[in-house]
Structure formats: structure tokens, C-alpha cells
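Hi everyone, thanks for coming. Let me put today's model up on the screen, and then we can walk through it together.

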Amino acid sequence: MKEQQIEQIIREYEPELRYAAFRYVRNWVVVDDIMQEVFLKIFLKFHSFRDPSKIKAWLYKITRNQCIDYLRSKVVKATVLMEDIEVLRYTTSENIEKTIVEKFDRESLYEHIEALPKDYKQTLSLYYFHDYSYSEISHVLSKDISFVKNKLFRGKRLLKKVYENNKVIV
């Protein structure tokens, strides 16, 4: 019975937990590794969980802590620094300026997407930041492809309004 409960909980909350983990680490490959650890902890610690009404908060706490552990690891810090050094070594000042502007634009886009309702945030983030196709987004979110198309269409329209209200040209 316990295993069936855990499987049901994982099926129900996995898309939300994946997205939450992604918001911390910003890398879907790393999210897969983190989610494996999260599922393992859920399985190992489920017997100690007492309040079923707080299951979602418990799952998010496990996911958040796993992400923080990952971000604190020395491997991540060293990798990020080495990647930045390699990029800077082979770029000209024009490329550096272009990279900075693109990073600013992506951060601005991210902030504007965060201002939208949850369904739009998830769908637009997968579309803009990871170049996922409609079918890939459908699979990740466990939603029908028509849902994804609808959310992308409406989300882009809302995003355009957000940009227009902030007087940003899209």
C-alpha cells in the first residue's frame, strides 16, 4: 500500500516539482538528477511523514533542499567559473557586449513571464528558454497538446500586453 501511495504522489506532483527544481538550477538535465534524489528521499522518508494535508509543502521542501544542496556543491561552482573563463577568453569586446545585452533581454523576459499565471509561466518558460516543441512541452507537463497550444497562444498575448504596459518593444 505504501508503494502505491508514493507512486500516486509522484505522478500527481512530479510536473510541479520538476518546474520548481528548474527555477533553482536552470538546467533540465540537472533537474532529472535532482528529481531522482527527491524521489529516493520521498521513498525513504515517507514513513516519517505525518500530516497528509501538508504533503505538497513537504514535497516542495525536499525538492528545494535538494536544489540548494546541488547549487552549494563545489563541482557546480567550479564548472560555472571555468565555462565563463573559456567564453571570455575567445570573445571580442563586441561579442561581450552582445552577450550582456542578450542576457539582460533573457532576464527581462524571465521576469515578465514570472508575472503571468502559473500555467502560462510553465509553458512559456519551456518554450522560450529551452526551445521545447509543443509535443515536448505536452510530455513534460503531462498535458494534452491542445492545452499547450492554447496556453502558448494566450500566454504570448498576455506577455505582449505586459511588455506594452512597461513600454518595451517586442
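First, a word on elements: helices (H or I, at least four residues) and strands (E, at least two) are DSSP runs, numbered from the N terminus. This is a predicted model, where local features need pLDDT of at least 70 and side-chain atom pairs count only at pLDDT 80 or more, while totals for chains, interfaces and linings use all residues. Residues are numbered from 1 along each chain as its sequence is written, and side-chain values use heavy atoms, with hydrogens and water left out.

So how confident is the predictor? On pLDDT, the predictor's confidence in each residue from 0 to 100, the protein chain has a mean of 78, and 77% of its residues reach 70 or more. Where pLDDT is low, the predicted coordinates should not be read in detail.

Now the salt bridges, meaning a side-chain nitrogen of Lys or Arg within 4 Å of a carboxyl oxygen of Asp or Glu. The structure holds 3 of them. One joins the side chains of Glu14 and Arg18, at 3.0 Å from N to O. These two sit 4 residues apart in helix H1, so about one helical turn separates them. In general, an α-helix has 3.6 residues a turn, so residues three or four places apart point the same way.

For burial, I use relative accessible area: buried is under 20%, exposed over 50%, and partly exposed in between, with a 1.4 Å probe and protein chains only. Glu14 is partly exposed at 24%, whereas Arg18 is buried at 16%.

Arg18 also forms a salt bridge with Asp32, with the closest N and O atoms 2.7 Å apart. That pair links distant parts of the chain, helix H1 and helix H2, 14 residues apart. Asp32 is partly exposed at 38%.

Glu16 is buried at 17%, and Lys56 is partly exposed at 37%.

On to the nonpolar core, a set of buried Ala, Val, Leu, Ile, Met, Phe, Trp, Tyr and Cys residues joined through side-chain atoms within 4.5 Å. Which residues have the most contacts inside the largest one? They are Ile42, Ile55, Trp58 and Leu59, in a core of 40 residues. Helices supplying at least two residues each include H1, H2 and H3. Taking contact as heavy atoms within 4.5 Å, and leaving aside neighbours within four places in sequence, Trp58 touches Ile42, Lys45, Phe46 and Phe49.

Last, the aromatics. Rings of Phe, Tyr and Trp (its six-membered ring) pair if their centres lie within 6.5 Å; planes under 30 degrees apart count as stacked, over 60 as edge-to-face and the rest as tilted. That gives 5 aromatic pairs. Tyr127 and Tyr128 have centres 5.2 Å apart and planes at 80 degrees, so they are edge-to-face. Tyr127 and Tyr134, at 6.4 Å and 35 degrees, are tilted. Ring pairs also link Phe22, Trp28 and Tyr132 into a cluster.
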